[in-house]
Amino acid sequence: MTIEIRRLGSADVALFENVAEGVFDHAIDRARLVAYLSTPGHHFIGAFADGVMIGQLAAMVHRHPDLRPAELYIDELGVAPRFQRQGIARRLVDAAFALARELGCPEIWVATEPDNLPARGLYEARGARAEPAVMYVYKL
């Protein structure tokens, strides 16, 4: 089986109709999908096997109003459970690194839960170490 990694845009909405279970945390909302794919600075990379999306990475360019350079923020990474531990997540992250270089972003950042050991292993395998952080979420 060949795994294809490709960047997706607003013309690729139909590709989200055939997604393996577990790639996303929730059902895809078409209006939100269209808005995401058409928003400048939002980027989506998909992994496909036999026409089925088996993995995804969503990222956004985070720009600053001061002199700090733009950075790519990996917001979401998911691979269908039956395709995990096959290097697909690594290939998606590699594609995000290539995208960041093309966009002129000298830095990528990503966050995960402290107990998500597979994700931490993936990110640390690229040479990064976890940063201490505290996160606050406000429910509006």
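1. Phe 83 is in contact (heavy atoms within 4.5 Å) with Met 1, Ala 49, Ile 54 and Ile 88, where residues up to four places away in sequence are not counted. The model is a predicted one, in which local features need pLDDT of at least 70, side-chain atom pairs count only at pLDDT 80 or more, and totals for chains, interfaces and linings use all residues. Numbering runs from 1 along each chain as its sequence is written, and side-chain values use heavy atoms, with hydrogens and water left out.

2. Phe 83 is also listed, with Ile 54, Leu 57, Leu 72, Ile 88 and Leu 92, among the residues with the most contacts inside the largest nonpolar core, which has 27 residues. Such a core is a set of buried Ala, Val, Leu, Ile, Met, Phe, Trp, Tyr and Cys residues joined through side-chain atoms within 4.5 Å. Buried denotes under 20% relative accessible area, exposed over 50%, and partly exposed the range in between (1.4 Å probe, protein chains only). Two or more residues of this core come from each of β2 (42-49), β3, β4, α2 and α3; α2 gives the most, with seven residues. Helices (H or I, at least four residues) and strands (E, at least two) are DSSP runs, numbered from the N terminus.

3. A second, separate core has ten residues, including Val 13, Leu 33, Phe 44 and Ala 58. In soluble globular proteins, nonpolar side chains tend to be buried together.

4. Gln 56 belongs to strand β3 and is buried, at a relative accessible area of 1%. A polar atom of the Gln 56 side chain lies 3.3 Å from the backbone oxygen of Val 23. Not counting residues up to four places away in sequence, Gln 56 touches Val 23, Phe 24, Phe 44, Ile 45, Gly 46, Glu 76, Leu 77, Gly 78 and Leu 92.

5. Asp 12 sits in the loop between β1 (3-8) and α1 and counts as buried at 17% relative accessibility. The side chain of Asp 12 makes a polar contact of 3.5 Å with that of Arg 6 and reaches the backbone nitrogen of Gly 9 at 2.8 Å. A polar contact is a pair of N or O atoms within 3.5 Å; within protein, one must be able to donate a hydrogen and the other to accept it, and residues adjacent in sequence count only if both atoms are side-chain atoms.

6. Most residues other than glycine have a negative phi.

7. The largest pocket has a volume of about 1,800 Å³. Of its 50 lining residues, the closest to the centre are Val 110, Ala 111, Thr 112, Ala 119 and Tyr 123. On a 1 Å grid over the protein atoms alone, a pocket is an open set of points where a 1.4 Å probe fits, with protein on both sides within 12 Å along at least five of seven lines; lining residues have an atom within 4 Å of a point. Grid points are joined across faces, edges and corners, and a volume is the space filled by probe spheres set on the points. At least two lining residues come from each of β4 (71-79), α2 (88-103), β5 (108-110) and α3 (117-124). By class, the lining has 28 nonpolar, nine polar and 13 charged residues, where Ala, Val, Leu, Ile, Met, Phe, Trp, Tyr, Cys and Pro count as nonpolar, Asp, Glu, Lys and Arg as charged, and the others, Gly among them, as polar.

8. The second largest pocket holds about 490 Å³ of space. Among its 16 lining residues, Phe 24, Ile 28, Arg 32, Leu 33 and Tyr 36 are the closest to its centre. Its lining takes two or more residues from each of α1 (30-38), β3 (52-62) and β4.
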